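Me: I'd like to learn how to read a model one feature at a time. Could you walk me through this one?

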Amino acid sequence: MNLKSHLTHPVFELIRKTADRRQTEAFVVGGFVRDLLLGRPSPDLDCVVKGNGIELCRELCAEIGKRTGETPVLHEFGQFGTCKFEYDGLEMEFVGARKETYKPGSRKPVVEEGTMEEDRMRRDFSINAMAVSLNKASFGELSDPFNGLEDLRNQLVRSHRDPDLSFEEDPLRMLRAIRFASQLFFDIEAGTFAAIMRQKEHIGELSAERVTEELDKIILSPKPSYGFKLLDAAGLLEIIFPELCRLKGVEKRNGKAHKDNFEHTLEVLDHVAYAKGGLWLRWAALLHDIAKPKTKRFEEPRGWTFHGHEFVGAKMVPGIFRRFKLPMDENMQFVKKMVELHLRPIILAEDIVTDSAVRRLLFEAGEDIGSLMTLAKADITSKNREKVQRYRNNFAIVERKLEELEEKDRIRNFQPPVSGNDIMEYFNIPPCEEIGIIKTRIKDAILDGIIENDRGQAWELMIETGKGLGLSCPRS
Ligand code: CTP
């Protein structure tokens, strides 16, 4: 197979010239080739060069500089024999062909110069071990020693060498197998999957950052539940995310059963993924019911309850983020807020939808109201079609009201129309409890629709409330 017609980026021609001039072989390998064959755009381009990749890269960058007037900044990693630079939207990485050997009892590979064949052999899966020649005589020719193309056609992630050894060498590959399967909706070949089950304990040797990078990619895949079910079936989920495993199972008492919260959580996550929710809203979906096992009770006559699971769950978010080395920033705060508020739109939709309840929801969710509504809609996974329809109708009312009220009252970015300073100055008082009381009264009056979000009306209410509290009014 020849892929010449796909190698249209000008850099391929430049690599060809540089490699031919140096009389060395150059290939584009790995993920770029896989994605090219799948028709997925890939911004990362890995090249393998026979001999010294860094020297070729220096020449290539100089050549690019000559042509474009701008020489890319080359980052060299001498000890690994690799270098990187960015050019015209591509992240380029060059490395000399290498082989990796492992001494018995040691995890650290001995990296030595190797042949192109050895370089392909050391890679993780057949679909990642294909290469395309960039030399003139064979420009665009696919080299596929382990039938990666056939595996792509059969939608299979398969280790082309002893998978136990491969996973022992780099346990991350177990997560990569599941991540590729989840991103591409591929199967994992039976022998490869069996090896993951055997080698699962090695996952504990990885840093949290590496695990999280793969987990994020699974979460971002089109149907993330598939990846999570694979993680679970392989026994990896129990090790990396025990809180999720604790959601599994259905308990029945006095003829009353609750739903399987693991299945439900994955369904909600899929719904958010279909709704094109971003990474953090997907994390919120994954964690929205995380405290259900902790809050589960059986109470007659209601049956199973999970009182306060949204608050307990929100409190669990920082600890989980810390463990996964996820950022402890506004994204974590967002996930926490989504977990805490996830029931609010449903509670609202269950009742008569009043303006005041909608205003309060808008006030608490602020800018994140759209995300919260997406999560709440995703959370409806009942098998009862009538119930689902009723929720949908009520959500539509909530959304319509949200728009109307937002236009009228601008609650989303609520700033009190009368500040604490205004109150202190007007009544000539120092900081004290009364200021809080007046501010809350004004806020509640706006949210309950008693006054509009307007300074004049709020000012009048401030005076009235102050008087009621026994404060003296200078101008009355
Ligand atoms: N590779 C490997 N074992 C690993 C990681 C990577 O054998 N643990 C090899 C694979 O051949 C892979 C290539 O290195 O294709 C590049 O790795 P990377 O850029 O991490 O992954 P991609 O396959 O390019 O996929 P993606 O960009 O989606 O992460």
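Me: Which residues does Glu189 touch, not counting residues up to four places away in sequence?

Reply: Happy to start there. This is a predicted model, where local features need pLDDT of at least 70, side-chain atom pairs count only at pLDDT 80 or more, and totals for chains, interfaces and linings use all residues. Residues are numbered from 1 along each chain as its sequence is written, and side-chain values use heavy atoms, with hydrogens and water left out. Contact means heavy atoms within 4.5 Å. With sequence neighbours up to four places away set aside, Glu189 touches Leu156, Val157 and Arg158.

Me: Where is the place of Glu189?

Reply: Helices (H or I, at least four residues) and strands (E, at least two) are DSSP runs, numbered from the N terminus. Glu189 sits in the loop between strand 11 (187-188) and helix 8 (190-199).

Me: Is Glu189 buried or exposed, or partly exposed?

Reply: Buried means under 20% relative accessible area, exposed over 50%, and partly exposed in between (1.4 Å probe, protein chains only). Glu189 has a relative accessible area of 25%, so it is partly exposed.

Me: Which side chain does a polar contact of 2.6 Å join to Glu189?

Reply: A polar contact is a pair of N or O atoms within 3.5 Å; within protein, one must be able to donate a hydrogen and the other to accept it, and residues adjacent in sequence count only if both atoms are side-chain atoms. Here the partner of the Glu189 side chain is that of Thr192.

Me: Let's turn to the ligand. How many residues surround it, and which are the closest?

Reply: A residue is near a molecule if one of its heavy atoms lies within 4 Å of it. For this ligand there are 13 such residues, and the closest are Arg34, Asp124, Asn128, Asp170 and Arg179. Helix 7 gives the most to the shell, with 4 residues. Both helix 2 (31-38) and helix 7 (172-184) supply at least two residues each.

Me: How many residues of each class does the shell around the ligand have?

Reply: Ala, Val, Leu, Ile, Met, Phe, Trp, Tyr, Cys and Pro count as nonpolar, Asp, Glu, Lys and Arg as charged, and the others, Gly among them, as polar. The shell has 9 charged, 3 polar and 1 nonpolar residues.

Me: Which atom of Arg34 lies 2.9 Å from an oxygen atom of the ligand?

Reply: A polar side-chain atom of Arg34 does. The side chain of Arg123 places an N or O atom 3.1 Å from a ligand oxygen, and a backbone N or O atom of Gly31 lies 3.2 Å from an oxygen atom of the ligand. Taken alone, the ligand exposes 560 Å², and the protein buries 76% of that. Those areas come from the Shrake-Rupley method with a 1.4 Å probe; for residues, only the protein chains shown count as cover.

Me: What span should helix 23 have?

Reply: The expected span of a helix is 1.5 Å times one less than its number of residues. Helix 23 (residues 433-447) has 15 residues and should therefore span 21 Å, which agrees with the 21 Å between its end C-alpha atoms.

Me: Which residues of helix 23 are buried?

Reply: They are Ile435, Ile438, Ile442, Ala445, Ile446 and Leu447. Their cover includes helix 19 (355-365), helix 22 (420-427) and helix 24 (455-468). Just after helix 23, Gly449 takes a positive phi of about 80 degrees.

Me: What should I look for in the backbone angles?

Reply: Most residues other than glycine have a negative phi, and most peptide bonds are trans. Gln155 has a positive phi near 55 degrees and lies in the loop between helix 5 (148-153) and strand 10 (156-157). Lys325 also has a positive phi, near 55 degrees, and its loop runs between helix 16 (309-323) and helix 17 (330-341). Lys325 is exposed, with a relative accessible area of 52%.

Me: Which peptide bond is cis, with omega near 5 degrees?

Reply: The bond from Glu300 to Pro301 is. Pro301 is in the loop between strand 14 (297-299) and strand 15 (303-305).
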